Amino acid sequence: MPDEPMTGWTLVDHTADIGLRVWGGTPAELFESAGRGLAHLMTDPRLVRPSESREIVLDARDLEEALISWLQEMIYRFEVERFVPAEIEVDEVRLPRVAGRIRGEAFDPARHETRLDIKAATYHALEVLRTATGEGGDRWEAVVIFDI
Amino acid sequence: MSKDEWIDVRKVNDQLFEIPRTGGMRVPGRIYCDERLMGEIRGEGGLQQVRNVAHLPGIVGYSLAMPDIHWGYGFPIGGVAATDPEEGGVVSPGGVGYDINCGVRLCATRLSAEDVHPKIESVVGRFFSNIPCGVGSEGAIPRVSIKELEKVMTTGAEWAVSRGYGRREQLEFIEERGRLGGGDPSDVSARARERGLEQIGTLGSGNHFAEIDRIVEIYHPAAAAEFGLEVGQVAILIHTGSRGFGYQICDDYLKVLGRAMQRYGIQLPDRQLACAPVESPEGRAYLSAMACAANFAWANRQTIMHLAERSLIEGLGLTPRDVGLRLIYDVCHNVAKLEDHEVDGKLRRLCVHRKGATRAHPPRGQSSPWNVGQPVIVPGDMGSESYLCVGTEKSLTETFGSTCHGAGRVLSRTAAKAKFGRRDLVRELAEEGITVMAKGRGTLAEEMRGAYKEVSRVVDVMDRAGISRKVARLKPIGVIKG
């Protein structure tokens, strides 16, 4: 899709729930796109200050498990620590290791919006695929469905 | 979502369709529904999932679906599957769902709709302020300690009663008496505990709600008389589950069982169907953690019933005696349980998965104190209607003692929002005599009627099939939502 930016996400409609189509030039960029998309499902990240950060390191047996674990980490931080995301940075996706951080701040009902109550990022029909290679650069894509 | 128009579906009778066994299916599929519902079900992805479930090792009889079937994660919602642990039968978190022991509790009151009507705004206001709901809701009751949370995991509704939320005699009226055995807290991750700590006594978001209902019609006078229900009476309906605690347990064990599957050489068409033999360390650990979540959910609904009673007392300025809140029954509709079932004349212990399906036991046995059959509560979509039914003998011979659970979504959340999002739904419902308070306007549109199948058609199919009988219909006069 030539009109699209190199990295990004769009909403995918789904009867039961909601999904994100995410893409990037590397797995790390794809993970960042997914994190940004999820942040938009949870809140309006533009209203969140990136004043604190949470370092995330996890291990996974394949890219699908890594992506779901990464997104689950954001859901968990929001629910337990009330940490709302503003920016997502992924340093490396080199299996089994994934490392990066979420920048954001503690939830403040006066300034922040809550959008969807997301139960989980699911494995439904999930495949992290390299859809293009070559001189124009690689392209990695995935569709993640969230249970809400 | 896969298109399933190609799937061969044959009509067995007016209430039942069958998918013949082909390919890797170990048993045929069976879907309880009529022609009209089948028209809506086709193409939605649920039929493909009925086929996928039929591939599970050790599955017995049929891969079943109730008329409220719709697409779910791994299993369809409305799916029922029993596996035999002695024949390598598996347990699958996808056959239970993320919201472990999501369920419904119906309580009767001594109030009539006329008593409540003049003060409905105040009553709904009290519900809304006393029962935390919405995204990240917490703090209904003093925060429990980790030690206390372990008691919740092992004793369920009984824990809530011991803390003063409700009365001991109410436990009789809960499936499994509100306490599923075999739950060992050491099988529950630290993360699940953290997510659960502040969420006991909270409603959450999505399709969960608490309603003040009026009984509008009785179909089975003998059963209604035994339940002490009549037209015009006010009842309370609570629909919620195990909150973040259960979601985290599901996610944790999808990973554990996904890895174990390779070890046991199990291959299935969908990763969300991750499973392991019931008689394996991983399978046993999931069932144990799942029981902890089921118990959490029963403690949650027990606590919310107490908060609802307090809201009625405060909102109406009456005594507990005048309100007379009593539990008719509490059912879970997302669970896997080891149960004894007769198959081909032999009693076998099976692992029965009910995902968006309700146990519906006949008028005998230990499953409920009622003589007319175990109550089944089938909530409709917001602002429409709900049904009280009872189980029958036939449910034991045909559906492993199971029936439908609700309406079943037909519009996606985004489509529902596009359809209803700009309308003043709170005012529209108020004009129909339904007072609604909701945390998020979006949720209200997403859960609006029209987003679901008509619940009356769903319960009618099961009534005609002779699996669960209709007893009464209820309509809301007040609703709170996340």
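1. Before we look at the interface, one cut-off is needed: two residues are in contact if their C-beta atoms, placed from the backbone, lie within 7 Å. Please also keep in mind that this is a predicted model.

2. With that in hand, here is how the two chains meet. Chain B brings 30 residues to the contact, and chain A brings 21 residues. On the chain B side, α7 (190-196), α9 (243-263) and α13 (413-420) each supply at least two residues. Of the elements on that side, α9(B) gives the most, with seven residues. Sorted by class, the side of chain B that touches chain A holds eleven charged, eleven polar and eight nonpolar residues.

3. In soluble globular proteins, nonpolar side chains tend to be buried together. Here the largest nonpolar core counts 196 residues, and A:L67 and B:M290 touch the most other members. Helix α10 of chain B (residues 281-316) gives the most to this core, with 19 residues.

4. Two packed helices are described by the angle between their axes and the distance between the axes. For α5 of chain B (residues 146-155) and α10(B), the angle is about 100° and the axes are 6 Å apart. The two helices are therefore roughly perpendicular. From α5(B), the residues B:V152, B:M153, B:T154 and B:T155 meet B:C292, B:N295, B:F296 and B:A299 of α10(B). This contact is made of five nonpolar and three polar residues, with no charged ones.

5. Now to a sheet in chain B. Which order do its seven strands follow? They run β1-β2-β3-β4-β5-β13-β12 in an open sheet with mixed pairing. At the edges stand β1 (10-13) and β12 (334-343) of chain B; each has a single partner strand, so one side of each is left without a neighbour in the sheet. On average, neighbouring strands are turned by 25° against each other, direction ignored.

6. Strands β2 (residues 16-19) and β3 (residues 29-32) of chain B pair in the antiparallel sense over four bridges, and B:F17 has B:I31 as its bridge partner in β3(B). Helix α2 of chain B (residues 46-53) lies across β2, β3, β4 (59-70) and β5 (77-83) of chain B, running at about 165° to β4(B).

Key. Residues numbered from 1 in each chain as written. Chains lettered and ligands numbered in written order. Predicted model: local features only at pLDDT ≥ 70, side-chain atom pairs only at ≥ 80, totals over all residues. Core = buried A, V, L, I, M, F, W, Y, C linked by C-beta atoms within 7 Å. Buried ≥ 20, exposed ≤ 12 C-beta atoms within 10 Å, placed from the backbone. Nonpolar A, V, L, I, M, F, W, Y, C, P; charged D, E, K, R; others polar. Axes fitted to C-alpha atoms, helices over the stretch in contact; angles between N-to-C directions. Parallel < 35°, antiparallel > 145°, perpendicular 65-115°, else oblique. Pairing = 2+ DSSP bridges.
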